[in-house]
Protein chains: 2
Amino acid sequence: MPKRNSSQRLESVSCATLHRLSEYLRCLRHLESIGITKTSSRDFAERFHLSAVQIRKDLAQFGEFGIRGVGYDVSQLAGRISSLLGLDQGRSVIVAGMGNLGSALTRFLSFGPETFEVVGGVDCDLAKIGDKIGHLTVRPVSELRQLVRETKAEIGILAVPVAAAQSVYDEFVAAGVQAVLNFAPIRLRIHANVRTRNVDLQVYLEELSYFLQTT
Amino acid sequence: MPKRNSSQRLESVSCATLHRLSEYLRCLRHLESIGITKTSSRDFAERFHLSAVQIRKDLAQFGEFGIRGVGYDVSQLAGRISSLLGLDQGRSVIVAGMGNLGSALTRFLSFGPETFEVVGGVDCDLAKIGDKIGHLTVRPVSELRQLVRETKAEIGILAVPVAAAQSVYDEFVAAGVQAVLNFAPIRLRIHANVRTRNVDLQVYLEELSYFLQTT
DNA sequence: CCATGTGAACAAATTCACAGCA
DNA sequence: TGCTGTGAATTTGTTCACATGG
């Protein structure tokens, strides 16, 4: 039996699988919170309208997590998924662009689980420098590199206007951030060594628009 | 030659294709804005690091848009894509949840193209009722149905806390909204007749987290 | 001749069907 | 027996190679 080592990152895992794993994790945490300690792929799938086979296939890429004939231990499975997503260690996040969206995202993150901590915020707009977002002080974008170095931030959130997006992205890359979540509606020239994920409100709305029946 | 009618919605178009079409459209608008009137799939792909064949395949699902041996007319192609995404008619949007995120999204949309207009905002929090977001007055969630009817809104944006998300989603559905963009980190029990798209910051961050090498 | 548009080949992802183990 | 884990079948999506036509 080819035992996979769940502590090392596989390059070959699809984005779709990771997406689902993250959702599974959330659902498991929910079960935990309501006191359910055991589940099966079938039961789990039915509760959250997922696919039971898909769940098993997704997990199979990382090892064996259940007991045949029985099912899964909720907390244990949650722990294993959390660990393989790299969530047992905290992740520091820096937000670039402290406008409406940037500050909303910052506040949003302070509610969620402690895994992702916003440790810094920068803005191009000089008027915003020194503003307080929660307990965070907005600093000039020119200090981004220093800030990343100071905080050892691994993730950058890009919430600046389109015009500044590419250059701030490049700053993030130069500063040594390993992943970027981009909210600017632009196709960035991506740096290969930095995982970049786009979140594009306008694209999502346009996708939905297609399905609005005119009949 | 099986001529497709680009004015009717095909049920069979993949989400990935729609996503790309929306991106093509944005890129075309960019070319327009810098005065470029003609392009080819190759040229276009190189400019925006896309795949030339993919572009042609995506377009092929809807008809013929180019001239063999020549390429595409930028404005014309933009118009055709815009039309098949259903963007030539305006779309009314209602935002539920006028907290940080909701109001940021509202403001964000007032910058983008006029296709999507936020025509109403509601909140569960009584303290927020009556607040002004731009020229919009926040109304109680109990008036959601009436608001949808008044404005003929087709799209709902769900930016309420997790605890309220399912019930407000159900309200959107009951009110007759045709599509929902959900920002609450929860797996909604989806209504089949309503296109629902989740945008989940936490999931995106967890996906990125996986790739943060610990080596 | 050149770039589009497309059938055919290929790859990836999902689903099926069942083997294997508690 | 019941549910996990998995090879095989299927579906879906992408890439290739070229026929088509301005």
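I take a polar contact to be a pair of N or O atoms within 3.5 Å, where, within protein, one atom must be able to donate a hydrogen and the other to accept it. The model I am reading is predicted.

**Entry: the two chains**

I looked up the polar contacts first. Between chain B and chain A I find 28 residue pairs in polar contact, both residues at pLDDT 80 or more.

Next I noted the extent of the contact. On chain B, 62 residues are in contact with 62 residues of chain A. The area buried between chain B and chain A is about 6,500 Å², and 64% of it is on carbon and sulfur atoms.

**Entry: charges**

How many salt bridges are there between chain B and chain A? I count 6 salt bridges. I looked at the one formed by the side chains of A:Asp200 and B:Arg26, where the N to O distance is 2.4 Å.

I also checked for charges over rings. The charged end of A:Arg195 sits over the ring of B:Phe211, 3.7 Å from the ring centre.

**Entry: aromatic rings**

I took ring centres within 6.5 Å as a pair. By this rule I have 8 aromatic pairs over all chains. For A:Phe62 and B:Tyr210, the ring centres are 6.3 Å apart and the planes stand at 80°, so I record the pair as edge-to-face. A:Phe62 lies in the loop between helix H3 (52-60) and strand S2 (72-73) of chain A, while B:Tyr210 lies in helix H8 (residues 201-210) of chain B, so this pair joins two chains.

Are these two residues buried or exposed? A:Phe62 counts as buried because its relative accessibility is 3%, under the 20% limit. B:Tyr210 is buried too, with a relative accessible area of 1%.

I noted one cluster as well: ring pairs link A:Tyr24, A:Phe44 and A:Phe48.

**Entry: helix H8 of chain A**

I turned to helix H8 (residues 201-210) of chain A and found 10 of its 10 residues buried. Among the buried residues of H8(A) I list A:Leu201, A:Val203, A:Tyr204, A:Leu205, A:Leu208 and A:Tyr210. The buried residues of H8(A) also include A:Gln202, A:Glu206, A:Glu207 and A:Ser209.

Methods. Residues are numbered from 1 along each chain as its sequence is written. Chains are lettered from A and ligands numbered from 1 in the order in which they are written. This is a predicted model: local features need pLDDT of at least 70, side-chain atom pairs count only at pLDDT 80 or more; totals for chains, interfaces and linings use all residues. Side-chain values use heavy atoms; hydrogens and water are left out. Rings of Phe, Tyr and Trp (its six-membered ring) pair if their centres lie within 6.5 Å; planes under 30 degrees apart count as stacked, over 60 as edge-to-face and the rest as tilted. Helices (H or I, at least four residues) and strands (E, at least two) are DSSP runs, numbered from the N terminus. Buried means under 20% relative accessible area, exposed over 50%, partly exposed in between (1.4 Å probe, protein chains only). A charge sits over a ring if NZ of Lys or CZ of Arg is within 6 Å of the ring centre and within 35 degrees of the ring normal. Contact means heavy atoms within 4.5 Å. Buried area is the accessible area (1.4 Å probe) that two parts lose on being put together, summed over both. A salt bridge is a side-chain nitrogen of Lys or Arg within 4 Å of a carboxyl oxygen of Asp or Glu. A polar contact is a pair of N or O atoms within 3.5 Å; within protein, one must be able to donate a hydrogen and the other to accept it, and residues adjacent in sequence count only if both atoms are side-chain atoms.
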